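Subject: The structure, with some notes

Hi there,

Here is the structure I promised to pass on. Have a look at it first, and then read on for what turned up.

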Amino acid sequence: MMTRRLLQLFTGLAMYGISLAMFIRAGLGLDPWDVFHQGVSNRTGLSIGVVVIVVSFLVLLLWIPLRQWPGFGTLCNAVLVGVFADIGLALIPPVSPLAGQIGLLGGAIVLNGIASACYIGARFGPGARDGLMTGLARRTGWSVRLSRTLIEVTVLAIGWLLGGSVGVGTVVYALAIGPLVHVLLPRFMVPAAPPKAASKPAAANC
């Protein structure tokens, strides 16, 4: 079971990074956090993968006042998504015909949904950004939906002001990713180990 969980975690994070590269090459808009990452990348000259890694660890610092602790998967997520995003950008060329852009966007959304279901289903802890959302909801009493909306609207606005790509892909991703992960997650969720049965006391001799 542990082998499957590790394989699923690392495969999911690799696919997530590649899907980010596909979104960028499609050129039709990114999800809110990646609009922010791209905006910072444009302003600093750092690769988007490096920005993803740096922002992940900065977000983890925000976990401290929320009294939340990262899991093994959280730390792997913080590093590997950025690494594979840069690998994907090195391997995937820009696409110019609109039909190709649409196809690449659709593939990126599907791959991102599978990747999310894989690493969440491995049960090694949430990503830094998801943990910020759930931690904020727990500490403030806000709903997870409200916490996520406030965080993503904020990073989207900042990313757009920094020059990140906002477009139809941003809207399509927002509408499609939730239902897609909802459908896929049960297929990738690794069942928790059953609790060990308590040993029965030895029968007393009569």
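**A glycine in H4**

Let's start with Gly73, which sits in helix H4, the stretch covering residues 72-91. Please keep in mind that this is a predicted model. Is Gly73 buried or exposed? With a relative accessible area of 3%, Gly73 is buried, because that value falls under the 20% cut-off. Which residues does Gly73 touch, once its neighbours within four places in sequence are set aside? They are Leu9, Phe124 and Gly125. Met15 lies 58 residues from Gly73 along the chain, and the C-alpha atoms of the two are 15 Å apart.

**H3 against H4**

Helix H4 also packs with helix H3, at an angle of about 165 degrees and with 7 Å between the axes. Since an angle over 145 degrees counts as roughly antiparallel, that is therefore how H3 and H4 run relative to each other. The crossing of H3 past H4 is right-handed. On the H3 side, the residues in contact include Ile48, Val52, Ile53, Phe57 and Leu60. Among those they meet in H4 are Leu75, Ala78, Val79, Val83 and Leu89. By class, this contact holds twelve nonpolar, four polar and one charged residues.

**H3 against H6**

H3 passes H6 in a left-handed crossing. The H3 residues involved are Val52, Val55, Ser56, Val59, Leu60 and Leu62, and they meet Ala128, Arg129 and Leu132 of H6. Seven of the residues in this contact are nonpolar, one is polar and one is charged.

Which residues form it? Glu152 pairs with Arg148, and their closest N and O atoms are 3.1 Å apart. Both lie in helix H7 (residues 144-161), and because they are four residues apart there, about one helical turn separates them. Glu152 is partly exposed, at 22% relative accessible area. Arg148 is partly exposed as well, with a relative accessibility of 36%.

Happy to talk any of this over.

Best wishes

Definitions and conventions. Residues are numbered from 1 along each chain as its sequence is written. This is a predicted model: local features need pLDDT of at least 70, side-chain atom pairs count only at pLDDT 80 or more; totals for chains, interfaces and linings use all residues. Side-chain values use heavy atoms; hydrogens and water are left out. A crossing is left-handed if the near helix is turned anticlockwise from the far one by less than a right angle, and right-handed if clockwise. Helices (H or I, at least four residues) and strands (E, at least two) are DSSP runs, numbered from the N terminus. Contact means heavy atoms within 4.5 Å. Ala, Val, Leu, Ile, Met, Phe, Trp, Tyr, Cys and Pro count as nonpolar, Asp, Glu, Lys and Arg as charged, and the others, Gly among them, as polar. A salt bridge is a side-chain nitrogen of Lys or Arg within 4 Å of a carboxyl oxygen of Asp or Glu. Buried means under 20% relative accessible area, exposed over 50%, partly exposed in between (1.4 Å probe, protein chains only). Axes are lines fitted to C-alpha atoms, for helices over the stretch in contact, and angles run from 0 to 180 degrees between N-to-C directions. Angles under 35 degrees count as roughly parallel, over 145 as roughly antiparallel, 65 to 115 as roughly perpendicular and the rest as oblique.
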